[in-house]
Amino acid sequence: MSMYFFRLHNLRRQAEEVRKKRQKRGRGSQGGQLGTNHTDQSQPTAESMQCCNRIHRGPSRLFERAPLQPSDSLDEIAFKIPRVRVEYYVNENTFKERLQLYFIKNQRSSLRIRLANLFFKLLTCFLYIFRVITDNDPTFAACYGCTPGNKTEFLASQNLTEEEFQEHPTINWDAILWVRRPLELWVVQVILAMVSLTEALLLAYLGYKGNVWQQLLSFHFILELVNTIPFTITLLYPPMRNLFIPVFLNCWLAKHSLENMFNDLHRAMQKSQSALSQQLMILSATLLCLVFTR
């Protein structure tokens, strides 16, 4: 581009000099004709018409290729200037910055994500309640596809009084470790767990600011891993499908999503709600979580 502008400058300067010379010649010829005969008018000859035709019909030198050898000082300067390859970028944002714009910075999209996350957490809690209601007799609980062992001792201990049970305690560890989880319920819980785990890892990646332990050791991230990774293990090892998983702890994650949703809602609507009503709603959610996890 620099060579082009230098060459354009030279061509314009040469054209200006030629025009000035022609004007001087025209004035000199007009002055001589006026001195000899003021009444005669100069008639164009065939030679002059051919000269004019050659001038106007000649090819333009504006886009002429620059010579390999410099013709003046400006061309020498242009040859000395190093050529630099310039690249233009329409959007310089990286993939991480685009995700941050969608998940964090954009108020409306962030509010939709918080609402979806809150819905998933509440649905997980309702599924836990449904699983507890359908699990009537945990005495014969066992791993998925396994046959329960001899439970006569535990059945006999159910008829003991409190004092007798304290003298001879018998604990059915299988009833604590395993639960009755239908296949349909397991499929829905695995899907919700995978979605929640993906979102938690993505938000941890987007919120990374140089200290990885600050992200990994946060309370809500650890709670998310406790509720989702066991379901991932059940995909790899089917006998673990009936494993007891404390998914009721998702209520605290739902409370955290509710707090973030309030913040995004205020930013999206560009007006602040009453701080007292917001704190009362968060306090009510905290009490419900305490009652649910009791």
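Close-up 1. Leu216 is found in helix H10, where helices (H or I, at least four residues) and strands (E, at least two) are DSSP runs numbered from the N terminus. Leu216 is partly exposed, with a relative accessible area of 36%; buried means under 20% relative accessible area, exposed over 50%, and partly exposed in between (1.4 Å probe, protein chains only). This is a predicted model, in which local features need pLDDT of at least 70, side-chain atom pairs count only at pLDDT 80 or more, and totals for chains, interfaces and linings use all residues. Residues are numbered from 1 along each chain as its sequence is written, and side-chain values use heavy atoms, with hydrogens and water left out. Together with Tyr208, Val212, Trp213, Leu217, Ile222 and Val226, Leu216 forms a nonpolar patch on the surface, with about 650 Å² of accessible area. The elements that give two or more residues to this nonpolar patch are helix H10 (212–216) and helix H11 (219–236), and the largest share, three residues, comes from H10. Patches are made of residues with over 30% relative accessible area and no salt bridge, like charges being joined within 9 Å and nonpolar side chains (Val, Leu, Ile, Met, Phe, Trp, Tyr) within 5 Å; accessible areas come from the Shrake-Rupley method with a 1.4 Å probe, and for residues only the protein chains shown count as cover.

**Close-up 2. The largest pocket and its lining.** About 520 Å³ of space lies in the largest pocket, which is lined by 19 residues, with Arg114, Leu203, His220, His256 and Asn260 nearest its centre. Two or more lining residues come from each of helix H5 (107–134), helix H9 (183–206), H10, H11 and helix H12 (250–269), and H9 gives the largest share, five residues. A pocket is an open set of points on a 1 Å grid over the protein atoms alone, with protein on both sides within 12 Å along at least five of seven lines, whereas a cavity is a set where a 1.4 Å probe fits but cannot get out; lining residues have an atom within 4 Å of a point. His256, placed in helix H12, is partly exposed, with a relative accessible area of 27%.

Close-up 3. The structure holds one cavity of 30 Å³ or more, and about 100 Å³ of space lies in the largest cavity. Its lining comprises 13 residues, of which Thr124, Gln189, Leu192, Ala193 and Asn250 lie nearest the centre, while H5, H9 and H11 are the elements that give two or more residues to that lining.

Close-up 4. A search of the whole structure finds four salt bridges, each a side-chain nitrogen of Lys or Arg within 4 Å of a carboxyl oxygen of Asp or Glu. Lys121 forms a salt bridge with Glu224, the closest N and O atoms being 2.6 Å apart. Lys121 lies in helix H5 and Glu224 in helix H11, so the pair ties together parts that are 103 residues apart in sequence. Lys121 counts as buried at 1% relative accessibility, and Glu224 is buried as well, with a relative accessible area of 8%. The side chains of Glu16 and Arg19 meet in another salt bridge (2.2 Å, N to O), and both residues lie in helix H1 (residues 2–36), three residues apart, about one turn of the helix.

Notes:
Grid points are joined across faces, edges and corners, and a volume is the space filled by probe spheres set on the points.
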